[in-house]
Amino acid sequence: MLVDYHIHGMGHRDFPHSVESLARFVEAALGKGIAEVGFADHDYYLRDIRFSNFEELRTRFPGIGIKVGLEVEFFPGQETETNDRLAGCRFDYLIGSVHYIGEWLFDHPDYIEGFSAWDIDQLYRVYFGLVARMARTRLFDMVGHLDLIKIFGHRAKSPVLKMVQPTLEEIRDSGMVIEVNTAGLHRPVQEQYPAKDLLKAAFQMGIPITLSSDAHAPEQVGRDLLLAREMAREVGYREAATFSGRERIMVPL
Ligand SMILES: [Zn+2]
Ligand SMILES: [Zn+2]
């Protein structure tokens, strides 16, 4: 069963949160044989989300599962504020993501210069430390793009597998799932998140996965998901995680 659990229906505020606009994403998913989609816009746009739109979409498209998530920025020390902000919202799942090191938005091409200030091995350690800290908060259901720090092709000299080990242990203990996110294939690094060896380690540790495109436009929905599924199967996965009301439901991959 093919699922795409990381879709930005508003892009970066490129599209309104309207039934008509969101329907284009659902139609694209149907065209690719996807059985379930999860909308997970950035939490910066939380106020724009109209939850009633999803009800209308479910009525209009009974042949596909439509879930409601949110991609939440993890800022260490702001756990209480984050929790308060999300209280009362009815999400099926929450993705926790790290896009910031301090005040540096490291995954944005406009700020790529920031990498030159760092020893890359040290940067990787700091990044994975933040992801581990995020897992410890128990606020989220899914880790967004586990090794995003590689986005522009800056590679650590030390083995990443070793660096990420304590983070994977925290993720396992938290009960979170990770995503095989294909967006990295279309970034300078040209590799899905996470790298295959990391995915294999996650499998061996019993960490569940889901599949996602991180689409920011309808034509990106489901992009390269078949590749992601193939890789997941190669390392041993036979099931994918889906979510309903913050509960995990495993389905055949
Ligand atoms: Zn993200
Ligand atoms: Zn995203």
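Predicted model: local features only at pLDDT ≥ 70, side-chain atom pairs only at ≥ 80, totals over all residues.
Which residues does T167 touch, not counting residues up to four places away in sequence?

Residues are numbered from 1 along each chain as its sequence is written, chains are lettered from A and ligands numbered from 1 in the order in which they are written, and side-chain values use heavy atoms, with hydrogens and water left out.

Back to T167, then. Its partners are F128, V131 and A132, where contact means heavy atoms within 4.5 Å. You will find T167 in helix 5; helices are DSSP runs of H or I with at least four residues, strands are runs of E with at least two, and both are numbered from the N terminus. With a relative accessible area of 3%, T167 is buried. Buried means under 20% relative accessible area, exposed means over 50%, and partly exposed is in between, using a 1.4 Å probe and protein chains only.

Let's stay with helix 5 and look at how it meets helix 6. Two packed helices are described by the angle between their axes and the distance between the axes. Here the axes of helix 5 and helix 6 (residues 196–204) come within 10 Å and cross at roughly 35 degrees. The axes are lines fitted to C-alpha atoms, for helices over the stretch in contact, and angles run from 0 to 180 degrees between N-to-C directions. The crossing is right-handed, which is the word for a near helix turned clockwise from the far one by less than a right angle. On the helix 5 side, V160, L161, V164 and L168 make the contact, and on the helix 6 side D197, L198, A201 and A202 do. Sorted by type, that gives seven nonpolar residues, no polar ones and one charged. In this sorting Ala, Val, Leu, Ile, Met, Phe, Trp, Tyr, Cys and Pro are nonpolar, Asp, Glu, Lys and Arg are charged, and the others, Gly among them, are polar.

Now for the metals. Which residues hold the zinc ion (ligand 2)? They are H6 and H8, each through NE2, E71 through OE and D214 through OD, at 2.1 to 2.2 Å. Donors are N, O and S atoms within 2.8 Å of the metal (3.2 Å for Na, K and Ca), and water is not among the atoms, so sites may look incomplete. Why is the arrangement irregular? The four donor atoms subtend angles of 81 to 170 degrees. To count as tetrahedral, four donors need all angles between 85 and 135 degrees; four count as square planar, and six as octahedral, if opposite donors are over 155 degrees apart and all others between 65 and 115, and anything else is irregular.

The zinc ion (ligand 1) is coordinated by E71 (OE), H99 (NE2) and H145 (NE2), also at 2.1 to 2.2 Å. E71 bridges the two zinc ions, which lie 3.4 Å apart. E71 lies in strand 3 and H145 in the loop between strand 7 (142–143) and helix 5 (160–174), so this pair ties together parts that are 74 residues apart in sequence. Both are buried: E71 has 2% relative accessibility, and H145 has 2%.

Let me take you to the loop between strand 8 (177–181) and helix 6, where P194 sits. A cis peptide bond joins Y193 and P194, with omega about -5 degrees. Q190 has its place in the loop between strand 8 and helix 6. Phi of Q190 is near 55 degrees, a positive value in a residue other than glycine. Is Q190 buried or exposed? It is exposed, at a relative accessible area of 61%.

One last stop is F152, in the loop between strand 7 and helix 5. F152 is buried, with a relative accessible area of 13%. Not counting residues up to four places away in sequence, F152 touches F106, D107, H108, P109, I112, F115, P188 and V189.
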